Amino acid sequence: MFESLSDRLGKIFEGLRGRGALNAADVDAAMREIRRALIEADVSLEVVRAFVEQVRERAVGAEVTRSVTPGQQVVKIVNDELVQVLGSDAVTIDLNAPAPVTLLMVGLQGSGKTTTTAKIAKRLKDKQRKKVLLASLDTRRPAAMEQLRVLGEQVGVDTLPIVVSETPVEIARRAEREGRLGGYDVLILDTAGRTHIDEELMAETVSIKEIAKPHEILLVVDALTGQDAINVARSFDGRLDVTGIVMTRVDGDGRGGAALSMRAATGKPIKLIGVGEKMDALEDFHPSRIADRILGMGDIVSLVEKAAEHVSAEDAQKMAKKLKKGAFDFEDLRSQLQQMKKMGGMGGLMGMLPGAGQLKKAMAGANVDEKVFDRQIAIINSMTKKERANPDLLNASRRKRIAAGAGVEVSEINKLAKQHRQMADMMKKVSKGGMGSLAGMFGGKMGGMMGGMPDLSKMDPKQLEAMARQAGVDPEQLKGLPAADVPAQKSLPSDVNALLKSSGGPALPGLGGAPRFPGLPGLGKKK
């Protein structure tokens, strides 16, 4: 979603990073480009004005002019302010209330309320082991209740039995009673929507709120709506006092302006984002991680979390044992391909790696087929157990049979066999010689750097102390070493104010906590 904005900002920052020093004219030119990029990304104009003003105020101050790397410092300032726009800290759904905790889902028709309701139910059931009851209050849209019932069955969550003649308020009363008597932890009410905001919709939702007394009122907004999403959020918040926002279709090709504007314009946190059609495609909204993705810094934390979800500790231990022996067969290759596919394929992983934006673009330009994983898995599935365990058995006749079974050409079998052989060779090198041997495979600078590392076990303690000081580590923290007589030399902080404070000097004006954006509920008032 943020690709076009990320590309524009990336080009602006490339120009800034290359400069040895920045003057006011350079900063102004960069601010104009940032302003244009944000407006093109469909960010609300009031948010753009406040954001650019805040960044400029910090960028022309001593924080940048006295920095060793002014260009990098401006990027850091933009990142900091972007995090503030998006909401600083991640806010999750609050279940700290007497059971059953009621969640009221509101929003316009077509925003994805019903599907999101089922996704949240599945998330609470699987991750927090909650007993959840779903109830549809949408008596207007044909088959809305039936849709929620079917989705409930899919995710393994109970739904309130449908009684056709009841009004939304009566359904809310029955759901509350059923939730209490059935011993449910969470009750989620899916309300009706309209194609536009009208008084009838608001009055009905307000009456449901008075009866259900929800602990959380979650507004579901389609991220592709653009700037109008902010008007929708303000209208619902004015009547219902929304507690959080759920953005759907964040994986779409919209420009992302709604996500950047929503928190700043309404003051309400974005709690969850829908990143796909599947029932598990719902993620917590982490402002700092989204800001890093927009600025091309990657999102390693989310990548690690995804890996932890899809790779069990038992599988990881099995693979570690095999790698130690230098063994790597087609079964292992299949499991690696399946895990990569679960984690979003090559494109999904590239988006989370720092600096991989250009590589991702190159892959898109080269028309790399993401379905290649499916074909490779099909090829491996067409092999016998013996062939998977012993790739050397794959002679010409066997390859023909496997190709026929998988519905591919023999050339694809040859490519996969070559890929497997290269990976197996790498695993053998690692198992025999450790990182030094692996470094030698890459050659050039990296190989030289890694291969030339001294053996720490044979070094004198004083040499280790000296190395620790060089790296800015206190030698006392190193096990088995005596305390150092000379205090450790710490690395210089990039923030000048932090440096002045550490030296006991006075702080420079303009380097303290920056004032928040004026006039926007989500960002506080200017001091």
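A nonpolar core is a set of buried Ala, Val, Leu, Ile, Met, Phe, Trp, Tyr and Cys residues joined through side-chain atoms within 4.5 Å, where buried means under 20% relative accessible area, exposed over 50%, and partly exposed in between (1.4 Å probe, protein chains only). The model is predicted: local features need pLDDT of at least 70 and side-chain atom pairs count only at pLDDT 80 or more, while totals for chains, interfaces and linings use all residues. Residues are numbered from 1 along each chain as its sequence is written, and side-chain values use heavy atoms, with hydrogens and water left out.

**View 1. The nonpolar cores.** Phe236 and Met247 touch the most other members of the largest nonpolar core, which has 76 residues. The element that gives the most to this core is helix H5 (residues 70-86), with eight residues; helices (H or I, at least four residues) and strands (E, at least two) are DSSP runs, numbered from the N terminus. Contacts, defined as heavy atoms within 4.5 Å, link Met247 to Val221, Ala223, Ala258, Ala259, Met262, Ile270, Leu272, Ile273 and Gly274, residues up to four places away in sequence not being counted. A second, separate core of 23 residues includes Val132, Leu134, Leu151 and Val246.

View 2. Strand E2 (residues 132-136) runs parallel to E3 and is joined to E3 by two bridges. Within this pair, Leu133 stands opposite Asp158 of E3.

View 3. Axes are lines fitted to C-alpha atoms, for helices over the stretch in contact, and angles run from 0 to 180 degrees between N-to-C directions.

**View 4. Packing of H6 with H7.** The axes of H6 and helix H7 (residues 144-155) come within 10 Å and cross at roughly 25°. H6 is therefore roughly parallel to H7, a description that applies to angles under 35 degrees. On the H6 side, Thr114, Thr115, Thr117, Ala118, Lys122 and Lys125 meet Gln147, Leu148, Leu151 and Val155 of H7.

**View 5. Packing of H5 with H11.** These two helices pack at an angle of about 70°, with their axes 7 Å apart. H5 and H11 are therefore roughly perpendicular, the term for angles of 65 to 115 degrees. Leu82, Val85 and Leu86 of H5 make the contact with Ala259, Leu260, Arg263 and Ala264 of H11.

**View 6. Backbone features in loops.** The peptide bond from Ala99 to Pro100 is cis, with omega near -5°, and Pro100 is placed in the loop between H5 and E1. Ala143, although not a glycine, has a positive phi of about 65°; Ala143 is found in the loop between E2 and H7 and counts as exposed at 54% relative accessibility. Asp241, also not a glycine, has a positive phi of about 55°. Asp241 lies in the loop between helix H10 (228-240) and E6 and counts as partly exposed at 47% relative accessibility.

How values were computed: Two strands pair if DSSP finds at least two bridges between them. Angles under 35 degrees count as roughly parallel, over 145 as roughly antiparallel, 65 to 115 as roughly perpendicular and the rest as oblique.
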